[in-house]
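We will go stop by stop, selecting as we go.

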Amino acid sequence: MTVLSGLLLVAGVLAYGVAGAKLHSGSRAEGSALRSGQWWLGTSLQAVGFLFTLVARRALPLLLVQAVTSAGLAVTAVYEHLTGVRRLSARTASLIGLVVVSLAVVATASETGPSVAIEPVHLALLVVGAVVAGALWFVRMPPLLSGAFAGWGYSVGAIGARLVMGDPAHPPWVFWQLPWQNWAAGVLTVGAIVLGQMHLTRGLSAPDAAPVLAAMYFLEVCLPAAVGLTLLGEWPRPGMAWPMALGAAVALGGTLTLAFRLQPHEEGAAAGRPHT
């Protein structure tokens with residue numbers, strides 16, 4: 001089961017990475033993104049990636065799954081480079097690698113927590129997370145913040161998926177026997193993911209996808225890490241507390257650098273222009 005979960009996780013990362021590129025293209029199309037075939041292809045690939053990682057979460061730690069999926073940022077950047085959408089400079093590639101590695105440190109610094117039954121405090125967390133994501137949809141914000149709140153929505157979805165998939169007494173495929181708490185967690189999980197998708201679509205209307213996706217992946221790793229630490233018993237491994245904190249700080253610094261210090265001329269070809 002662990003080997004299968006690992007293979008599904010890798011497939012999920014590839015799906016997420018290509019999805020990021022397609023969503024970036026579709027979100028910048030004229031008119032509504034909902035009319036773009038590229039956006040729908042990206043959304044479909046995201047759904048495939050989510051299903052693959054959902055199965056992986058049953059056998060692998062939440063934070064390990066979240067860390068590995070952050071490699072989708074690198075997949076998106078390489079895919080856009082190879083297809084001529086945006087040239088990947090050495091500086092940008094280094095920053096993306098720094099963010100991905102730092103997030104991996106954050107995630108792998110924690111030990112796997114025990115399987116837990118869904119309790120009222122978990123549902124309250126999911127409700128608050130979904131409400132915040134929904135309320136902020138009505139607030140205009142820079143693309144970087146849209147990416148961050150996309151990560152917020154996806155984080156709430158990841159936490160909900162971990163709770164639903166990790167309940168040892170109520171496997172989700174025996175859905176007719178699930179208690180109401182599991183159903184509520186499932187509905188909130190789906191709702192949070194949809195809200196995350198809405199924020200991501202808005203953020204990816206910007207010319208450069210890397211800062212938006214970096215902010216998204218930063219929240220997708222660090223927020224579940226905080227929840228795992230406080231509510232799910234996923235404590236840092238012995239001696240790994242300071243690398244965990246340092247990894248989070250470095251990932252945040254790399255994300256902000258991608259957003260604010262890279263000038264358009266450093267990226268080479270503009271979006272849509274083939275590179276030479």
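Colour the chain by confidence first. This is a predicted model, and the protein chain averages a pLDDT of 79. Of the residues, 84% score at least 70. Select helix 6: confidence is highest there, at a mean of 93. Now select helix 3, residues 62–69, where confidence is lowest among the helices, at a mean of 70. Then select residues 262–276. Here pLDDT stays under 50.

Switch to cartoon view. How many helices and strands does the protein chain have? There are ten helices and zero strands. Follow the sequence and you read the pattern α-α-α-α-α-α-α-α-α-α. Buried residues make up 51% of the 276 residues. Take the contacts between residues at least 6 apart in sequence: 83% of them join residues at least 24 apart.

**Helix 6**

Select residues 120–136. This is helix 6, with 17 residues. At 1.5 Å a residue it should span 24 Å, and its end C-alpha atoms are 24 Å apart, which agrees. Show side chains next. The buried residues of helix 6 are His122, Leu123, Leu126, Gly129, Ala130, Ala133, Gly134 and Leu136. What covers them? The cover includes helix 7 (143–166), helix 8 and helix 9 (209–231).

**Histidine 199**

Move to helix 8, residues 180–203, and pick histidine 199. Is histidine 199 buried or exposed? Its relative accessibility is 0%, so it counts as buried. Leave out residues up to four places away in sequence, and histidine 199 touches Ala133, Leu136, Trp137, Ser146, Phe149 and Ala150.

Arginine 202 lies over the face of tryptophan 137, at 3.7 Å from the ring centre.

**The nonpolar cores**

Nonpolar side chains tend to be buried together in soluble globular proteins. Here, the largest nonpolar core has 38 residues. Select Leu73, Leu103, Leu200, Leu204, Leu213, Met216 and Tyr217, which have the most contacts inside it. Several helices each supply at least two residues of this core, including helix 1 (2–27), helix 5 (90–108) and helix 10 (241–260). Which helix gives the most to this core? Helix 9 does, with 14 residues.

Zoom in on leucine 200. Beyond residues up to four places away in sequence, leucine 200 touches Leu23, Gln46, Ser146, Ala150, Tyr154, Val212, Leu213 and Met216. A second, separate core has 14 residues, and Ala130, Val156, Val164 and Ala192 are among them.

**Helix 2**

Select threonine 43, which lies in helix 2. Threonine 43 counts as buried because its relative accessibility is 18%, and the cut-off is under 20%. Set aside its neighbours within four places in sequence, and threonine 43 is in contact with Leu23 and Gln197.

**The aromatic pair**

For the last stop, look for paired rings. The structure holds one aromatic pair. Select tryptophan 39 and tryptophan 40: their rings are edge-to-face, 4.9 Å centre to centre, with 90° between the planes. Tryptophan 39 counts as buried, at 8% relative accessibility. Tryptophan 40 is partly exposed, with a relative accessible area of 44%.

Conventions: Residues numbered from 1 in each chain as written. Predicted model: local features only at pLDDT ≥ 70, side-chain atom pairs only at ≥ 80, totals over all residues. Heavy atoms only, no water. Phe/Tyr/Trp six-rings, centres within 6.5 Å; stacked < 30°, edge-to-face > 60°. Buried < 20%, exposed > 50% of the residue type's maximum accessible area, 1.4 Å probe, protein only. Lys NZ or Arg CZ within 6 Å of the ring centre and 35° of its normal. Helix = DSSP H or I, 4+ residues; strand = E, 2+ residues; numbered from the N terminus. Contact = heavy atoms within 4.5 Å. Expected span 1.5 Å × (residues − 1). Core = buried A, V, L, I, M, F, W, Y, C linked by side-chain atoms within 4.5 Å. pLDDT = per-residue confidence, 0-100.
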